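Please read the following note beside the sequence and the structure.

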Amino acid sequence: MSGRHTVGSRGVETRGTRLVLAALAVAGVLLMTACGDDVVTTSQSSVTGATGSGTASATPGTPGGDADLEARAKAHFIPLAALGEGWRESQPPPAGFGITVCGVDIEPEQPAGSARQRFARSGVGPFVAQYVQAHRQGLAAEVVTALQAALPTCTSFETRGESPTSPVTRFAIEQVSFADVPANAVVWRMTSQGERPVTQDVALVADGEFLIGVVSYRAGDAPDPATITTAVAAVPTRG
């Protein structure tokens, strides 16, 4: 499918405009879908192993650098067919997943470039969002290792947006057993606390220069843990 595809400068996706994973946007998405505004688009190729279209951006530099980084980032896209029957491409999620989880900043440096895509089974989910961010060598592994150490004893954390007037959002960490998590990945469940709580299963995968985030969520109920593990297993890596 010829996809929704853009390439731009890193300046469009600064830490000042990023969102906290999908969580701070999910409530709005669910409100829209609950009112009948289905944000999901139908894929033209739900039975192939082709990667999704998604959206990508890269830091401008040497001629051809943007295209090369974009291609390498999108090579880590989860193939639509890997999620199973009934899934289709949705609109890409908002840029960035900057947040400090249990004392670990999962976007400690501005990425050199990024790509993102999202899948859905209906207008109210379940959804799978994927973020691929390019960093200096070693940073992705540092983040994953730090989270692997922090999460077993963490029960909750708080975060706020970049603006001094941004509200504080509290998340509870639930200890869930996720099957077959690779050594270069970490997976956890977190639920926003407030009027409209949203439960997400979140994974980070380190693969060389790339830090790959995968988020599974749905309207109302907690997501099926098998969804995030299936998605993580389908992330193409250098192995």
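This is a predicted model: local features need pLDDT of at least 70, side-chain atom pairs count only at pLDDT 80 or more; totals for chains, interfaces and linings use all residues.

Which residues does valine 101 touch, not counting residues up to four places away in sequence?

1. Valine 101 touches Ile106, Leu147, Leu151, Phe157 and Trp188, with residues up to four places away in sequence left out of the list. Contact here means heavy atoms within 4.5 Å.

2. Residues are numbered from 1 along each chain as its sequence is written, and side-chain values use heavy atoms, with hydrogens and water left out.

3. The largest nonpolar core has 29 residues, of which Val101, Leu147, Trp188 and Leu204 touch the most other members. At least two residues of this core come from each of strand S6 (127-134), helix H3 (139-150), strand S8 (168-174), strand S9 (185-193), strand S10 (199-207) and strand S11 (210-217). H3 gives the most, with 6 residues. A second, separate core of 25 residues includes Leu69, Phe77, Val132 and Ala231. A nonpolar core is a set of buried Ala, Val, Leu, Ile, Met, Phe, Trp, Tyr and Cys residues joined through side-chain atoms within 4.5 Å; buried means under 20% relative accessible area, with a 1.4 Å probe and protein chains only. Helices (H or I, at least four residues) and strands (E, at least two) are DSSP runs, numbered from the N terminus.

4. The whole structure contains 1 disulfide, a term for a pair of cysteine sulfur atoms within 2.5 Å. This disulfide joins cysteine 102 to cysteine 154, with an S to S distance of 1.9 Å. The link is left-handed, with -80° about the S-S bond. Cysteine 102 lies in the loop between strand S3 (100-101) and strand S4 (104-105), and cysteine 154 in the loop between H3 and strand S7 (156-160), 52 residues apart. Both cysteine 102 and cysteine 154 are buried.

5. Helix H4 (residues 225-233) has buried residues Thr227, Ile228, Thr229, Ala231 and Val232. Their cover includes S6, S9, S10 and S11. At the start of H4, a side-chain oxygen of aspartate 224 reaches to within 2.9 Å of the backbone nitrogen of alanine 226.

6. Is threonine 199 buried or exposed? Threonine 199, found in strand S10, is buried, because its relative accessible area is 14%. Among the residues that threonine 199 touches are Arg189, Ser216 and Pro223.

Definitions and conventions
Buried means under 20% relative accessible area, exposed over 50%, partly exposed in between (1.4 Å probe, protein chains only). A polar contact is a pair of N or O atoms within 3.5 Å; within protein, one must be able to donate a hydrogen and the other to accept it, and residues adjacent in sequence count only if both atoms are side-chain atoms.
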